[in-house]
Amino acid sequence: MLDENRKHYDALETRSADERAADQLVGVNAQLASHGMAALSSLADLAGLPVLRKSELVARQAEQPPFGGLPVTNLAHVFQSPGPIYEPGGVSHDWWRMGRFLHAVGIGPGDVVQNCFGYHLTPAGMIFESGARAVGAAVLPAGVGQTELQVRAARDVGCTAYAGTPDYLKVILDKAEEMGVALSFTRAAVGGGALFPSLRKEYADRGIACLQCYATADLGNIAYESEAMEGMIVDEGVIVEIVRPGTGDPVAPGEVGEVVVTTLNPDYPLIRFATGDLSAVMPGESPCGRTNMRIKGWMGRADQTTKIKGMFVRPEQVAELVARHPEVRRARVIASREGEMDVMKVQVEAEGIGAAELSDSVAAVLKLRGQVEIVAPGSLPNDGKVIDDQRKYD
């Protein structure tokens, strides 16, 4: 239910950190029980559980279709995303937790949402439609394409809000201008692509407030912007960890790493699901009054697997190199070219160990020899990269 004052979606958004942690521990232990796993004594113990990666989920689903043997209940829909990966869908209230984001955008009763996310096989259209129902808004299930018809429908139906990718709204608005049609959009809830500041400003100049969310087909809503527009607030129905790429080890606060998510959805319990996306935790709380952790949003991809001299080098190998030597804090593989030859350099933040001592480990773990450079602790960029391919392909 929505709060009576409508500032926040529900009381969960303003819980204290201790309240939230206690509630989340109860929720995650219920998820673990459904997997036949032992309960945790604290949320910090999550870091000791294995990470589930998309590649593993694809393999498991191929062996045990459609959901890889995961405990799925109250199934209403089955979706297919590229991979292929199959995702379940439910019809209970706000099943993907998108209502929280739409409420933050300012969408509610009396609004008509032109939903331009796809309804064919993939779940994006249903994810946003479910959220619109949760906040009491009506939906025009527009899907993708046929822009001229979209403009006419938006006018005839009186759509007040848009849901879709950030750039397609501009296509609709430009087509409406070309057709001499006035539209009534005042709010936009976007996802599935980058919302560039210049595009957000263009929408604002047209009288449309545009906010973005971070969601996936497997997990539903993970984090979202509020009117404060200072980072993205983690959804109340998930637990987010930021880990070093190639591992399940949490990074220090503020350090860029891979987003790993545990859902508290009893119908589809995903535990430590690796998104493959990079982000970082932001300090403090949002000025909007929501108290949950904030992340910086999408900052690149964590799967940086690169072929050097005909051999694949993977983030997991870089993590193994670091784990072999207690003197090493971080490592970064740099791929470049000299003439027509691949060159590999391994930069290592370390104290008390030399490059010569590490060379054999580099060759053994990465299966390649390359230059090893010792750098000062804290000097490698905080960008989440453990493999930096600097070669130019154009």
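**Figure 1. Lining of the largest pocket.** In this predicted model, 39 residues line the largest pocket. Gly191, Gly192, Gly193, Tyr214 and Ala215 lie nearest its centre. Strand S2 (85–89), helix H4 (124–134), helix H7 (197–205), strand S7 (209–216) and strand S12 (273–279) are the elements that give two or more residues to this lining. The largest share comes from S7, with five residues. The pocket holds about 950 Å³ of space. By class, its lining divides into 19 nonpolar, eleven polar and nine charged residues.

**Figure 2. Arg200 in helix H7.** Arg200 is found in H7, one of the elements that line the largest pocket. The relative accessible area of Arg200 is 18%. Burial means under 20%, so Arg200 counts as buried. Its side chain makes a polar contact of 2.9 Å with the side chain of Glu225. Leaving aside neighbours within four places in sequence, Arg200 is in contact with Leu195, Cys210, Leu211, Gln212, Glu225 and Met229.

**Figure 3. The S1–S2 hairpin.** Strand S1 (residues 77–81) and S2 run antiparallel and are joined by five bridges. One of the paired positions is Val78, whose bridge partner in S2 is Pro88. Three residues lie between the two strands of the hairpin. In the turn, Gly83 has a positive phi of about 150 degrees. S2 also gives two or more residues to the lining of the largest pocket.

**Figure 4. Lining of the second largest pocket.** The second largest pocket holds about 560 Å³ of space. Its lining counts 30 residues. Nearest the centre lie Gln24, Ile239, Val240, Asn292 and Met293. Helix H1 (17–34), strand S10 (238–243) and strand S13 (281–282) each supply at least two lining residues. S10 gives the largest share, five residues. The lining has 18 nonpolar, six polar and six charged residues.

**Figure 5. Packing of helix H8.** Helix H8 spans residues 315–324. Pro315, Gln317, Val318, Ala319, Leu321 and Val322 are buried in this helix. What do the buried residues of H8 pack against? Their partners are strand S16 (311–313), strand S17 (328–338), strand S18 (341–350), helix H9 (355–366) and strand S20 (387–389).

**Figure 6. Val375 in strand S19.** Val375 lies in S19, which covers residues 371–375. Its relative accessibility is 15%. The limit for burial is under 20%, so Val375 counts as buried. Val375 and Glu349 are 26 residues apart along the chain, yet their C-alpha atoms are separated by 5.0 Å. Not counting residues up to four places away in sequence, Val375 touches Gln347, Val348, Glu349, Ala350 and Leu380.

**Figure 7. Cavities in the model.** Three cavities of 30 Å³ or more are present. Trp95, Trp96, Arg97, Asp218, Leu219, Gly220, Thr263, Asn265 and Tyr268 line the second largest cavity. By class, this lining has four nonpolar, three polar and two charged residues.

Key
Residues numbered from 1 in each chain as written. Predicted model: local features only at pLDDT ≥ 70, side-chain atom pairs only at ≥ 80, totals over all residues. Heavy atoms only, no water. 1 Å grid on protein atoms, 1.4 Å probe; cavity = no way out; pocket = protein on both sides within 12 Å on 5 of 7 lines; lining within 4 Å. Points joined across faces, edges and corners; volume = space filled by probe spheres on them. Helix = DSSP H or I, 4+ residues; strand = E, 2+ residues; numbered from the N terminus. Nonpolar A, V, L, I, M, F, W, Y, C, P; charged D, E, K, R; others polar. Buried < 20%, exposed > 50% of the residue type's maximum accessible area, 1.4 Å probe, protein only. Polar contact = N/O pair within 3.5 Å; in protein donor to acceptor, adjacent residues only side chain to side chain. Contact = heavy atoms within 4.5 Å. Pairing = 2+ DSSP bridges.
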